Amino acid sequence: MQQAATLVAPPPKARGVFNVETVTDVRHWTPSLFSFKTTRDPALRFASGQFVMLGLEVEGKPLLRAYSIASPAWADELEFYSIKVADGPLTSRLQKIVVGDELLVGRKPTGTLVLDGLRPGRNLYLVGTGTGLAPFLSLVREPEVYERFDNVIVTHTVREVADLNYREFLSHDLPNDPDLGELIAPKLIYYPTVTREPFVTQGRITDLIASGQLFVDIGLPPLDRARDRLMLCGGPSVLADLKTLLLERDYEEGSIANPGDFVLERAFVET
Ligand SMILES: Cc1cc2nc3c(=O)[nH]c(=O)nc-3n(C[C@H](O)[C@H](O)[C@H](O)COP(=O)(O)OP(=O)(O)OC[C@H]3O[C@@H](n4cnc5c(N)ncnc54)[C@H](O)[C@@H]3O)c2cc1C
Ligand SMILES: NC(=O)c1ccc[n+]([C@@H]2O[C@H](COP(=O)([O-])OP(=O)(O)OC[C@H]3O[C@@H](n4cnc5c(N)ncnc54)[C@H](OP(=O)(O)O)[C@@H]3O)[C@@H](O)[C@H]2O)c1
């Protein structure tokens, strides 16, 4: 006699305080950048824009690093966008993962790049450099972002054109998405810039904001605290410079406890 079909999914795997997730997709964009997807424990809750501890078991011990979740809170899978640091303890190994491998994912996502850290406004600027794009890949797929703001501007600044990953997704796939495209297309503006090679929009985002060129290019008025909100994610130096630029314009940094005009999160820590 045939066995009755199992009606419930097998229980999620856990190791210590981490969930064990299975890699379902890996994409190598350049020799130094890749992205991957994993299964998601249905009990894992997070807000779009947050980060989580992620890693591998190495010699019986967990080796974890902070990673922004690049997928939106509503998705069934988790997505991550990663640097490959040749001698990095984690990414020298992580870059070798293949579909079917197991990863450790923390159970307590956290972070400041969440909608609730911002006061209401008209325009939301999501300013990312390098892998600092990751949390914004989550937020741009979050319907609430478009319910709260009239325009959502994603800026991505990288050294070389080849580092402009997710360009097709942001400029074409997302605005044409069968479910979300109608909501997103009229509001999403994607503004890629490159600093070390010729490109149609060239230069550091700090300079493009300070000179006003960004606003000329996208057809919106220069930053105004009464109307414009920002989320920033990048290396320590770009965050410091952007913060100075905003504080000079009387912008106030926000948090969930005390919402403000901008919030920021480091995309990596300098060692
Ligand atoms: C809140 C937070 C969120 C993060 N989210 C991401 C993410 O979504 N994707 C991601 O790739 N990394 C992210 N990082 C960085 C990540 O935690 C690790 O540093 C990275 O995975 C490298 O790990 P490692 O052990 O190989 O090298 P580490 O010893 O951790 O780093 C070695 C050096 O490599 C450089 N470096 C590390 N990460 C990056 C990076 N992302 N971009 C450029 N240079 C880097 C720095 O100079 C660092 O000192 C995040 C860090 C923080 C604090
Ligand atoms: N992306 C890569 O090609 C790559 C590959 C392998 C390893 N790495 C290593 O990873 C680390 C970080 O590389 P990354 O390129 O991802 O990040 P990054 O050095 O932070 O650069 C990302 C972008 O941010 C810009 N930027 C940096 N500091 C800024 C500031 N103070 N104000 C405004 N803009 C600023 C850079 O412009 P500028 O070009 O003008 O600095 C670049 O366009 C480095 O140690 C690097 O050697 C990078």
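1. A friendly place to start is Ile-153, which sits in strand 9. Helices (H or I, at least four residues) and strands (E, at least two) are DSSP runs, numbered from the N terminus. Ile-153 counts as buried because it has 21 C-beta neighbours inside 10 Å. The term buried asks for 20 or more other C-beta atoms within 10 Å of a residue's own, exposed for 12 or fewer, and partly exposed covers what is in between, with C-beta atoms placed from the backbone.

2. Before going on, please keep in mind that this is a predicted model, where local features need pLDDT of at least 70 and side-chain atom pairs count only at pLDDT 80 or more, while totals for chains, interfaces and linings use all residues. Residues are numbered from 1 along each chain as its sequence is written, and chains are lettered from A and ligands numbered from 1 in the order in which they are written.

3. Which residues touch Ile-153, leaving aside its neighbours within four places in sequence? They are Asn-123, Tyr-125, Leu-126, Ile-189, Tyr-191 and Ile-218. Contact here means that the C-beta atoms of two residues, placed from the backbone, lie within 7 Å. Asp-179 is 26 residues from Ile-153 in sequence, and their C-alpha atoms are 20 Å apart in space.

4. Now for the overall layout. The chain is divided into domain 1 (13-106) and domain 2 (115-266), with bounds that come from an automatic or database domain assignment. The C-alpha centres of the two domains lie 24 Å apart, and 15 residues of domain 1 are in contact with 12 residues of domain 2. On the domain 1 side that touches domain 2, strand 2 (18-30) and strand 6 (78-83) are the elements giving two or more residues. Strand 6 provides the largest share of that side, with 4 residues. By class, that side of domain 1 holds 9 nonpolar, 6 polar and no charged residues. Here Ala, Val, Leu, Ile, Met, Phe, Trp, Tyr, Cys and Pro count as nonpolar, Asp, Glu, Lys and Arg as charged, and the others, Gly among them, as polar.

5. Ligand 1 is surrounded by 25 residues, the closest being Arg-65, Gly-88, Leu-90, Thr-91 and Phe-268. A residue is near a molecule if its C-beta atom, placed from the backbone, lies within 6 Å of it. Domain 1 and domain 2 each give at least three residues to this shell. At least two residues each come from strand 5 (61-68), strand 6, helix 1 (91-94) and strand 12 (262-266). The shell around ligand 1 has 13 nonpolar, 8 polar and 4 charged residues.

6. Around ligand 2 there are 18 residues, with Ser-32, Thr-129, Gly-130, Thr-195 and Gly-235 the closest. Strand 9 (151-158), helix 6 (205-211) and helix 8 (236-247) are the elements that give two or more residues to this shell. Helix 8 contributes the largest share, 3 residues. The shell around ligand 2 divides into 3 nonpolar, 9 polar and 6 charged residues.

7. Strand 4 (residues 51-58) and strand 5 run antiparallel and are joined by 8 bridges; pairing requires DSSP to find at least two bridges between strands. Phe-51 stands opposite Ser-68 in strand 5. The two strands form a hairpin with 2 residues between them, and Glu-59 in the turn has a positive phi of about 50°.

8. Finally, look at Pro-72, in the loop between strand 5 and strand 6. Pro-72 counts as buried, because 21 C-beta neighbours lie inside 10 Å. Leaving aside its neighbours within four places in sequence, Pro-72 is in contact with Ser-48, Ser-138, Arg-141 and Glu-142.
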